[in-house]
Amino acid sequence: MTILAYDLGASSGRALLGRLNEGKIEVEELHRFPNDPVQVGDRLQWDILRLLHELKQGLLKVKHRGIKLDSIAIDSWAVDFGFIGSNGELLGNPYHYRDHHTDGVMEQVVEELSASAIFAKTGIQFLPFNTIYQLAALKRADSPLLRDAKHFLMIPDLLRYFLTGEMFNEFSNATTTQLYNPVAGSWDEELIRAIGLSPEWFGKVVQPGAQVGQLRSSVCAELGIEPVPVYAVAEHDTGSAVAAVPALDRSFAYLSCGTWSLMGTEVSGPVINDLAQELNFTNEGGAYGTYRLLKNIMGLWILQECRRSWERAGISYDFPELVKLANVAEPFAAFIDPDDPLFLHPGDMPARIAEYCKRTGQKVPAEAGTTVRCILESLALKYRCVLELTEQLSGQSFNGLHMVGGGIQNTLLCQWTSNAIGKPVWAGPVEGSAIGNMIVQWIAGGKLSDIWEARKVIRGSFPVDVYEPVHHKEWDNAYRSFREKTGIA
Ligand code: LFR
């Protein structure tokens with residue numbers, strides 16, 4: 001059974017072929033393309049039609065290889081969306097969640113509706129770019145989009161609609177809007193009305209594994225291909241990445257490591273209580289009734305943005321080069337809290353790190369090596385902090401940490417994470433999201449029985465690199481100093 005998984009990240013997208021051969025998964029990258037957001041005037045937007053074009057290029061490559069696909073599915077980053085108007089067409093380009101139009105809006109909405117009421121209904125962490133605040137920002141700006149809107153679709157819903165002609169809202173992504181009530185199992189109409197929107201725009205929510213159409217005739221005619229079934233999977237990439245964690249034990253901690261670092265544990269139902277709200281943990285929906293009790297950590301975004309800043313200044317580094325420089329820089333010279341709002345939006349990240357260090361009375365990293373060292377050490381130490389909170393909130397104790405996603409190619413970060421937490425790190429697979437996307441397609445197609453069988457198959461198909469902690473005493477001291485300098489309690 002050959003399937004196609006589209007995995008769209010905040011800076012690039014891929015089409016990967018998946019084959020299940022004698023109980024082993026084989027993955028082949030067929031097509032990779034950039035996903036550069038575009039600044040138009042004051043707004044940062046996604047080039048969604050270019051993404052559709054690239055999805056079609058992926059299908060053409062399948063055709064040229066003479067491959068017959070059994071199914072297709074898409075996953076992407078969460079929270080962003082587009083509206084469809086009465087003529088069935090997309091209204092405007094989706095905004096990027098890092099756009100500034102939401103500045104201050106979460107604070108206003110929370111003031112009006114109360115944080116505890118929003119959290120009790122949704123179980124979702126408070127992040128300024130959550131869909132609810134993006135929508136409230138559009139409402140407050142009297143956006144013409146809202147005058148013509150008929151259907152609300154998130155990024156994978158939208159691309160699926162372009163490919164199939166059918167509109168559905170996929171569950172895992174719907175939960176990230178902070179407008180979905182996981183206890184009631186439906187959109188929270190009261191909340192939708194409270195921000196001034198119409199509940200009719202929010203459509204039928206489908207679960208990962210549902211067949212949600214097939215390639216529409218116009219796409220097949222354009223590309224000269226046969227129709228292929230399209231499935232909903234955990235279309236939120238983090239949902240797919242966690243589905244692919246090759247855990248053997250039902251109680252496990254994970255870190256999905258890419259542009260974002262998402263750390264937490266899998267639970268069988270949302271944990272909605274005062275402590276979860278106080279610690280600002282989230283309960284994002286996943287595949288097969290699972291929930292992700294996790295926290296967002298700013299992640300490698302800070303490093304990626306530094307690299308872009310240096311590039312703009314005419315200095316090009318690749319990531320392995322930067323990691324090498326970090327490795328020989330002075331240890332524990334300065335720390336940042338990666339989750340400081342200063343680091344959320346695009347911009348001159350090295351300057352912001354310098355500003356943070358100055359503000360907190362630390363040595364200012366003067367070149368690339370010290371800056372990158374500061375980022376990576378601070379991330380590893382923040383992971384320890386969030387792992388401890390995950391243990392406190394879930395009442396579990398974890399004997400190690402699973403890391404999945406592209407970020408595990410940074411072996412220095414994996415080792416430092418192990419050193420910081422004082423426990424082993426099991427790193428793999430790299431293609432977490434795409435593999436999670438695939439296993440739901442195979443379960444839906446009857447090739448795998450359930451997520452636990454799938455996790456065993458993943459474990460048998462991909463290497464897991466083990467990192468054992470070293471220099472834990474030094475890291476333990478650094479942890480104290482990290483908390484002191486950053487003010488993290
Ligand atoms: C990771 C991710 C996170 C989400 C962020 C914004 O790619 O999907 O889970 O919080 O992007 O959508």
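Two strands pair if DSSP finds at least two bridges between them. Helices (H or I, at least four residues) and strands (E, at least two) are DSSP runs, counted from the N terminus. Residue numbers start from 1 along each chain as its sequence is written. Please keep in mind that this is a predicted model, in which local features need pLDDT of at least 70, side-chain atom pairs count only at pLDDT 80 or more, and totals for chains, interfaces and linings use all residues.

**View 1**
Strand 17 (residues 261-267) and strand 19 (residues 291-297) run antiparallel and are joined by seven bridges. To find your place in this pair, look for Val-267, whose bridge partner in strand 19 is Tyr-291.

**View 1. The residues around the ligand.**
Which residues surround the ligand? They are Trp-77, Ala-78, Val-79, Tyr-97, His-236, Asp-237, Thr-238, Gly-258, Thr-259, Trp-260, Leu-262 and Asn-296. A residue is near a molecule or strand if its C-beta atom, placed from the backbone, lies within 6 Å of it. The shell has six nonpolar, five polar and one charged residues. For these classes, Ala, Val, Leu, Ile, Met, Phe, Trp, Tyr, Cys and Pro count as nonpolar, Asp, Glu, Lys and Arg as charged, and the others, Gly among them, as polar. Domain 1 (3-231) and domain 2 (245-428 + 449-489) each give at least three residues to the shell.

The protein is divided into domain 1 (3-231) and domain 2 (245-428 + 449-489), with bounds from an automatic or database domain assignment. Taken over C-alpha atoms, the centres of the two domains are separated by 26 Å. The contact takes 24 residues from domain 1 and 23 residues from domain 2, where two residues are in contact if their C-beta atoms, placed from the backbone, lie within 7 Å. On the domain 1 side, strand 3 (24-34), helix 3 (115-122) and helix 7 (171-175) each supply at least two residues. Helix 3 gives the largest share of that side, four residues. By class, the domain 1 side has twelve nonpolar, ten polar and two charged residues.

**View 2. Helix 2 crossing helix 4.**
The axes of helix 2 (residues 105-113) and helix 4 (residues 131-140) come within 9 Å and cross at roughly 95°. That makes the two helices roughly perpendicular, a label for angles of 65 to 115 degrees, while those under 35 count as roughly parallel, those over 145 as roughly antiparallel and the rest as oblique. Val-105, Met-106 and Val-109 of helix 2 meet Ile-132, Tyr-133, Ala-136, Ala-137 and Arg-140 of helix 4. The residues of this contact divide into seven nonpolar, no polar and one charged. Ser-114, in the loop between helix 2 and helix 3, has a positive phi near 80° although this residue is not a glycine.

**View 3. Helix 15 crossing helix 19.**
Helix 15 (residues 368-394) and helix 19 (residues 472-486) have axes that come within 10 Å and cross at roughly 90°. These two helices are therefore roughly perpendicular to each other. Ser-378, Leu-381 and Arg-384 of helix 15 make the contact with Ala-478, Tyr-479 and Phe-482 of helix 19. By class, this contact has four nonpolar, one polar and one charged residues.

**View 4. The hairpin of strand 2 and strand 3.**
Ten bridges join strand 2 (residues 12-21) to strand 3, and the two strands run antiparallel. Asn-21 stands opposite Lys-24 in strand 3. The hairpin has two residues between its strands, and Glu-22 takes a positive phi near 45°.

**View 5. A cis peptide bond at Pro-429.**
The bond from Gly-428 to Pro-429 is cis, with omega near 0°. You will find Pro-429 in the loop between strand 21 (425-427) and helix 17 (432-444).

Technical notes: Axes fitted to C-alpha atoms, helices over the stretch in contact; angles between N-to-C directions.
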